Amino acid sequence: YVIVDYPDEELPSLEREQMADSIDAILSNLSTLKRTYRTSRAVIEGVKTAIVGRPNAGKSSLYNAISGEDLAIVTDIAGTTRDVIEHTASLGGVTLNLADTAGIRETEDVIEAVGVELARKKMEDAQLIIGVFDSSRPFDSEDTALMEQMRGRPHIAILNKCDLQRQADITACPITDFVQISAKFDSAEPIERALETVLGTADLDAEAGIIANDRQLDCVNRAFYALQDAVSALEGGFTFDAVGVCIDDAITALCELTGERASESVVDEVFSRFCVGK
């Protein structure tokens, strides 16, 4: 800014490479800040979480284990859960808006079919999918199809009933990172550790700065894209004043984020470091 606005002053020369390196460093910091958005929202607002799986896989047992209460009916009869049961629970400092769903399978039972459709809808809308799979029987095509749907989305795959003899082969299926538990007997601690990994809450440092709402994310994105334009301008051989326009846009966005007035903060910074205009 000083070089652009005061070209006649005896100021240190500014190399394009030096400026590009400085902008790259800021872009890296903004990228780190952007990654805090989903994690901080999870901590502050909670995560829409769907517990899904085949009938009798142990979804309701897991739902009760995470909730810390016997909220869902648990029986050995497949298809006990036909509606969506919802409850809010805290796990590892994260609020989970849990939905226990009907077992996903093809069925001719009209009522159960409605429950299965609701389960699929909850899975589509979920921010986190907890898929429960029965380790005591071989995986079938419906298990595999469910795993395929989970891939590419935030998920925790539970291999349940590990207190029984294993029949499921986890070496040849779309998902391999299973949390192996017995929902009837184990605590929810292994799921808590998996949750920290999936949501990134283990590495969240609120003191380092986080963004926690859409307005803040928009400000950071605008600053990020403006600085990318500045880099493109540098690489394209544009003049420093053209690059400065992009940087000015980034500063405006960041000052909006912090609540400062861009014009005042920029001027103060310039005159605190350089003696110009005398």
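Tutor: Two strands are taken as paired if DSSP finds at least two bridges between them. The model is predicted, and in it six strands form an open sheet in the order β2-β3-β1-β4-β5-β6, with mixed pairing.

Student: Which strands stand at the edges of the sheet?

Tutor: The edge strands are β2 (85-91) and β6 (178-180), each of which has a single partner strand, so one side of each is left without a neighbour in the sheet. From one strand to the next, the twist averages 30°.

Student: In which sense do β1 and β4 pair, and what packs on the sheet?

Tutor: Strand β1 (residues 47-53) pairs with strand β4 (residues 128-134) in the parallel sense, over five bridges, and within that pairing T49 has L128 of β4 as its bridge partner. Helix α4 (residues 110-125) packs on the sheet, where it touches β1, β2, β3 (94-100) and β4, and its direction makes about 140° with that of β1.

Student: Which residues make the nonpolar surface patch?

Tutor: The patch, of about 380 Å², is made by V110, I111, V114 and L118. L118 is found in helix α4, and its relative accessibility of 35% counts as partly exposed, because that class lies between the buried limit of 20% and the exposed limit of 50%.

Student: How should I read the salt bridges, and how many does the structure hold?

Tutor: Side chains of opposite charge can pair when their charged atoms come close. The structure holds 10 salt bridges, one of which joins R54 and D140, with the closest N and O atoms 2.3 Å apart. R54 lies in the loop between β1 and α3 (59-67), and D140 in the loop between β4 and α5 (141-150), so the pair ties together parts that are 86 residues apart in sequence. R54 is buried, with a relative accessible area of 13%, whereas D140, with 25%, is partly exposed.

Student: Which partners does R222 have?

Tutor: R222 forms a salt bridge with D218, the closest N and O atoms being 3.2 Å apart, and these two residues, four apart in helix α7 (residues 214-235), are separated by about one helical turn. The side chain of R222 also meets that of E256 in a salt bridge (2.9 Å, N to O). Since R222 lies in helix α7 and E256 in helix α8 (residues 240-258), this pair ties together parts that are 34 residues apart in sequence. Elsewhere, salt bridges that share partners join D134, R137, D143 and K161 into one network.

Conventions:
Residues numbered from 1 in each chain as written. Predicted model: local features only at pLDDT ≥ 70, side-chain atom pairs only at ≥ 80, totals over all residues. Heavy atoms only, no water. Axes fitted to C-alpha atoms, helices over the stretch in contact; angles between N-to-C directions. Contact = heavy atoms within 4.5 Å. Patch = residues over 30% accessible without salt bridge, like charges linked within 9 Å, V, L, I, M, F, W, Y side chains within 5 Å. Areas by Shrake-Rupley, 256 points an atom, 1.4 Å probe, with all protein chains shown as cover. Salt bridge = Lys/Arg side-chain N within 4 Å of Asp/Glu carboxyl O. Buried < 20%, exposed > 50% of the residue type's maximum accessible area, 1.4 Å probe, protein only.
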